[in-house]
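Have the model open while you read.

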Amino acid sequence: MRKGPLAIAGEAAVAEWGTLFRTVRERVVRKKFAAVPLATAATCLILLFSIVQHLPGGERLVTQIGVVKAALPLEVSLLRTPLSLYVPALDLPVWGALAQVFVVFGIAEIVLGRRLTLVVAYTCTLAGTLFARVGVAIGPDHLFGFPKWVAHVRDTGPSAAVVALAICVAFRCRAWFTAGLVVALMVGEAVVLPNLAGMEHVVAVIAALLIAVSVEVFGDFWPRVLAGVGAAAVVATATASLEAAAEARLRTPAGAAVP
């Protein structure tokens with residue numbers, strides 16, 4: 001019997017997202033919101049910054065602790081980058097950032113784990129921040145350069161982290177069509193709208209692909225190394241304790257009580 005278009009589409013969707021759906025559903029059904037504490041906290045931080053920056057004097061406070069610009073000294077940008085991820089853009093609806101972060105961070109937290117989710121989010125956000133500085137430095141005469149006024153553009157928001165996490169989750173779940181679609185959309189955005197945000201999304205995609213590939217290749221390497229170092233440290237500590245105890249016994253005077 002020949003399959004219809006809906007049946008073919010259903011099979012393709014199961015093949016693409018079946019593993020992801022089962023993994024996320026199982027964890028969420030079992031733990032509810034406790035399954036995604038990182039995503040919940042990130043969403044609440046975005047909502048908090050959104051409220052604060054619209055209060056009297058709030059925008060100045062948010063700017064001082066979480067707004068990054070290429071014109072700022074490098075050390076200031078590096079200090080503000082972790083919080084800049086949670087500062088929503090003023091010209092975009094905050095509900096979009098809230099929905100993106102809760103859904104994508106939540107899925108990534110379940111699929112990748114909390115630690116890797118944070119590493120991907122912050123690394124790719126930092127990569128975009130540094131790229132903006134390089135683009136301003138090389139100038140608009142280069143393909144990836146920007147005019148000087150871009151150095152004063154507010155560079156905040158979770159979009160680069162969301163794009164990067166989507167790539168890593170798709171890579172982990174072998175959802176190749178989804179990964180390719182995200183890459184194509186980000187490259188298309190950068191071509192059609194060649195602005196700072198679009199180019200930072202492309203940089204985030206590249207950084208995410210490098211992280212995803214390195215995790216696949218070396219994922220079990222560093223945990224084994226760290227476990228070996230930990231085991232060696234335990235053995236060394238135990239050996240040192242035994243040697244110290246033996247030396248103490250040797251030094252104990254004859255007839256004295258040995259502890």
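How many helices and how many strands are there in the chain? The chain has 10 helices and 0 strands, where helices (H or I, at least four residues) and strands (E, at least two) are DSSP runs numbered from the N terminus. Read from the N terminus on, the elements go α-α-α-α-α-α-α-α-α-α.

Before going further, some ground rules. This is a predicted model, in which local features need pLDDT of at least 70 and side-chain atom pairs count only at pLDDT 80 or more, while totals for chains, interfaces and linings use all residues. Residues are numbered from 1 along each chain as its sequence is written, and side-chain values use heavy atoms, with hydrogens and water left out.

**Confidence**

pLDDT is the predictor's confidence in each residue, from 0 to 100. The chain has a mean of 85, and 83% of its residues reach 70 or more. Residues 255-259 are another story: pLDDT stays under 50 there, and the model has 3 contacts beyond four places in sequence for them. Contact here means heavy atoms within 4.5 Å. Where pLDDT is low, the predicted coordinates should not be read in detail.

**Packing**

Of the 259 residues in the chain, 36% are buried. Buried means under 20% relative accessible area, exposed means over 50%, and partly exposed is in between (1.4 Å probe, protein chains only). Looking at contacts with a separation of 6 or more, 72% are between residues 24 or more positions apart.

A nonpolar core is a set of buried Ala, Val, Leu, Ile, Met, Phe, Trp, Tyr and Cys residues joined through side-chain atoms within 4.5 Å. The largest one has 44 residues, and those with the most contacts inside it are Phe105, Val111, Leu112, Val120, Cys124, Leu165 and Val169. At least two residues of this core come from each of helix 1, helix 2 (37-52), helix 5 (94-111), helix 6 (114-138), helix 7 (159-172), helix 8 (176-192) and helix 9 (196-218). Helix 7 gives the most, with 10 residues. Val120 is in contact with Ala164, Leu165, Cys168 and Ile211, leaving aside its neighbours within four places in sequence. Another core, of 12 residues, lies apart from the largest one and includes Ala132, Leu196, Met199 and Val203.

**Salt bridges**

A salt bridge is a side-chain nitrogen of Lys or Arg within 4 Å of a carboxyl oxygen of Asp or Glu. Searching the whole structure turns up 2 of them:

| Arg114 | Glu109 | 2.9 Å |

Arg174 lies in the loop between helix 7 and helix 8 and Glu216 in helix 9, so their bridge ties together parts that are 42 residues apart in sequence. Arg174 is partly exposed at 39% relative accessibility, and Glu216 is partly exposed at 36%. Arg174 also has a positive phi of about 60°, although it is not a glycine. In the other pair, Arg114 is partly exposed at 46% relative accessibility, whereas Glu109 is buried at 3%.

**Buried charges**

Glu16 sits in helix 1 (residues 5-31). A polar atom of the Glu16 side chain lies 2.7 Å from the backbone nitrogen of Thr178. Beyond its neighbours within four places in sequence, Glu16 is in contact with Ala175, Trp176, Phe177 and Thr178.

Glu200, in helix 9, is also buried and has no salt bridge, the nearest side chain of opposite charge being Arg133 at 10 Å. Setting aside neighbours within four places in sequence, Glu200 is in contact with Gly128, Thr129, Ala132 and Asp155.

Finally, there is Arg80 in helix 4 (residues 74-84), which counts as buried at 16% relative accessibility. The Arg80 side chain reaches the backbone oxygen of Thr63 at 3.0 Å. Not counting residues up to four places away in sequence, Arg80 touches Thr63, Gln64, Ile65, Gly66, Val67, Val68 and Leu72. Arg80 and Val67 are 13 residues apart in sequence, with their C-alpha atoms 6.6 Å apart in space.

Key:
Polar contact = N/O pair within 3.5 Å; in protein donor to acceptor, adjacent residues only side chain to side chain. Lys, Arg positive; Asp, Glu negative; His and termini not counted.
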